[in-house]
Amino acid sequence: ASSRNAVVIHDLAALAHPEWYGRAYAAWQRTVLPRIARRARLVITVSEFSRTEIAGRLGVPHESIAVVPNGVSEELSPEADPAPAAAALGLNRPYVLTLATRSARKNLAVLSRAADRLGELGIELVTAGGGRGYLRGGELPPGRELGYVPEGLLPGLYAGANAFAMPSLYEGFGLPCLEAMASGTPVVAADRGALPETCGGAALLADPGDAEAFADALVRAATDDTERAILVEAGRERAARFTWARSAELTDAALAGALDR
């Protein structure tokens, strides 16, 4: 194989936590990823968190890894019409949204207390996203499962939510947090992995092992007008910094730098 190649590695979840994946998938990742990463002239990843993971677990020199964050689609905005999503998905009450493939990594079970407390306030907890064969441990999420939601409905689904929750135990980036912020929706995220880095102080962070703490934060984000206003403004500012044009420019600069070396 040529050494004149660049590879994108989003995260090392399958190496850090093989128990969240099927055995064959975890073994394949463990075998293939180090070889691909060490052979490449440049590894591109999405966060400083993942950069540190790749350097430590795969033995790739720090200077051979470039960080290029994801971008947020321009279709996501507070002005997106929530009515089509509400009609298609039967959302006739205020709701708090989470968006996740069904997997132990996404840690949706911790939201059971939040679902109860929000329910008492007339707010429904809903989960969008399907399952994948190579993922393990996705027990039934609390609240209501919407299943796979067509992409055209997502801007309205985000914009119509009272708050957005991401209790994941490990994320290399956490793009849905920024998508919710771009939609004018307050975010509550786990204080783990790349999520604090991606949210950049514009979300409420909670311990993903503490159901009560997560419930407290979600209730505040969904119902406290003062807290909501602060989170909405900070979130919109934060998300505006992550464009696909910026991602393209950073990729171009990283490739040029690798060719110069």
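Contacts first. Of the contacts in the chain with a separation of 6 or more, 70% are between residues 24 or more positions apart. A contact here is heavy atoms within 4.5 Å. This is a predicted model, so local features need pLDDT of at least 70 and side-chain atom pairs count only at pLDDT 80 or more, while totals for chains, interfaces and linings use all residues. Numbering runs from 1 along each chain as its sequence is written, and side-chain values use heavy atoms, with hydrogens and water left out.

Overall build next. The chain has 11 helices and nine strands. These are DSSP runs, numbered from the N terminus: helices are H or I with at least four residues, strands are E with at least two. The radius of gyration is 19 Å, close to the 18 Å of the globule rule for 261 residues, so the chain is as compact as a globular protein of that length. That radius is taken over C-alpha atoms, and the rule is 2.2 Å times the number of residues to the power 0.38. The C-alpha trace spans about 60 × 40 × 30 Å along its principal axes. Of the 261 residues, 52% are buried. Buried is under 20% relative accessible area, exposed is over 50%, and partly exposed is in between (1.4 Å probe, protein chains only).

Now salt bridges. The structure holds 11. The criterion is a side-chain nitrogen of Lys or Arg within 4 Å of a carboxyl oxygen of Asp or Glu. Take R113 and E212, which meet at 3.0 Å, N to O. R113 sits in helix α5 (residues 112-120) and E212 in helix α9 (residues 211-223), so this pair ties together parts 99 residues apart in sequence. R113 is partly exposed at 30%, and E212 is partly exposed at 36%.

E212 also bridges to R117, again 3.0 Å, N to O. R117 is in helix α5 and E212 in helix α9, so here the parts tied together are 95 residues apart in sequence. R117 counts as buried, at 19% relative accessibility. Which residues make up the network? R113, R117, E212 and D216 are linked by salt bridges.

One more pair: R220 with E227, closest N and O atoms 2.7 Å apart. R220 is partly exposed at 38%, whereas E227 is buried at 18%.

We work on a 1 Å grid over the protein atoms alone: a cavity is a set of points where a 1.4 Å probe fits but cannot get out, and a pocket is an open set with protein on both sides within 12 Å along at least five of seven lines. Lining residues have an atom within 4 Å of a point. Points are joined across faces, edges and corners, and volume is the space filled by probe spheres set on them.

The second largest pocket has a volume of about 160 Å³. Its lining includes V72, F242 and T243. Helix α10 (residues 225-240) gives the largest share, three residues. By class, the lining has seven nonpolar, three polar and two charged residues. Nonpolar means Ala, Val, Leu, Ile, Met, Phe, Trp, Tyr, Cys and Pro; charged means Asp, Glu, Lys and Arg; the others, Gly among them, are polar.

How many cavities of 30 Å³ or more are there? One. The largest cavity has a volume of about 30 Å³. Strands β4 (95-99) and β7 (163-166) each give two or more residues to its lining. Among the lining residues are T98, K106 and M166. The classes here are six nonpolar, two polar and one charged.
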